[in-house]
Amino acid sequence: MADVNILVLADHAEILETIIRLINKNEGWRGTGVAGYDQAEEALKTNKFDLVLLGVGVDDEAEARILRLCESIAPQTVCMRHYGGGSGLLSSEIQHALAQR
């Protein structure tokens, strides 16, 4: 089974680092963190992601831009807000999102 590639966009460096660490603890999941829209756009244009998590600090405008970008260049990619705070909730969010594909 291929790895699940997850892009995480968040403005808070420590939270972003924690989310990536928790994602990468799961066998078969590979997280990539970016700190802003421009980095997210570059990552989406140069890599294939299964899921994009929009974390803390991502405002409605950035969310709308990411959704439009995903629809245009990677319509198979699921985009969703990350609301969880712990590893269990994060894992549940990701599993739920991947089940929707």
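## Charge patch

Patches are built from residues with over 30% relative accessible area and no salt bridge, like charges being joined within 9 Å and nonpolar side chains (Val, Leu, Ile, Met, Phe, Trp, Tyr) within 5 Å. Lys and Arg count as positive, Asp and Glu as negative; His and the chain ends are not counted. A charge is placed at NZ of Lys, CZ of Arg, CG of Asp or CD of Glu. Areas come from the Shrake-Rupley method with a 1.4 Å probe, and for residues only the protein chains shown count as cover.

The model is predicted: local features need pLDDT of at least 70 and side-chain atom pairs pLDDT 80 or more, while totals for chains, interfaces and linings use all residues. Numbering runs from 1 along each chain as its sequence is written, and side-chain values use heavy atoms, without hydrogens or water.

One patch of negative charge lies on the surface, where Asp-11, Asp-59, Asp-60 and Glu-61 gather. Glu-61 belongs to helix α3. Its relative accessible area is 56%, so Glu-61 is exposed (exposed is over 50%, buried under 20%, partly exposed in between, with a 1.4 Å probe and protein chains only).

## Salt bridges

The structure holds 3 salt bridges. The criterion is a side-chain nitrogen of Lys or Arg within 4 Å of a carboxyl oxygen of Asp or Glu. Side chains of opposite charge can pair when their charged atoms come close.

Glu-41 pairs with Lys-45, with 3.1 Å between the closest N and O atoms. Both sit in helix α2 (residues 37–46), 4 residues apart, about one turn of the helix. Helices (H or I, at least four residues) and strands (E, at least two) are DSSP runs, numbered from the N terminus. Glu-41 is partly exposed at 22%. Lys-45 is exposed at 51%.

Lys-48 and Asp-50 form another salt bridge, 3.6 Å from N to O. Which of these partners is buried? Asp-50 is, with a relative accessible area of 9%. Lys-48 is exposed, at 52%. A further bridge joins Glu-63 and Arg-81, 3.0 Å from N to O. Glu-63 lies in helix α3 (residues 60–73) and Arg-81 in strand β4 (residues 78–81), so the pair ties together parts that are 18 residues apart in sequence. Arg-81 counts as buried, at 18% relative accessibility.

Tyr-37, Ala-40, Ala-43 and Leu-44 are the buried residues of α2. Viewed down the axis of α2, they fall within an arc of 125 degrees, so they line one face of the helix. That arc is taken over the directions from the helix axis to the C-beta atoms. An α-helix has 3.6 residues a turn, so residues three or four places apart point the same way.

What does the face turned away from the buried side carry? There sit the exposed residues Asp-38, Lys-45 and Thr-46.

## Residue pairs in space

His-82 occupies the loop between β4 and α4 (87–99). Its relative accessibility is 13%, so His-82 counts as buried. His-82 and Ala-43 are 39 residues apart in sequence and 18 Å apart, C-alpha to C-alpha.

Ala-64 lies in helix α3 and is partly exposed, at 28%. From Ala-64 to Ile-6 the C-alpha separation is 18 Å, across 58 residues of chain. Glu-17 lies in helix α1 (residues 13–24). Glu-17 is exposed, at 59%. The C-alpha atoms of Glu-17 and Ala-97 are separated by 21 Å, and the two residues are 80 residues apart along the chain.
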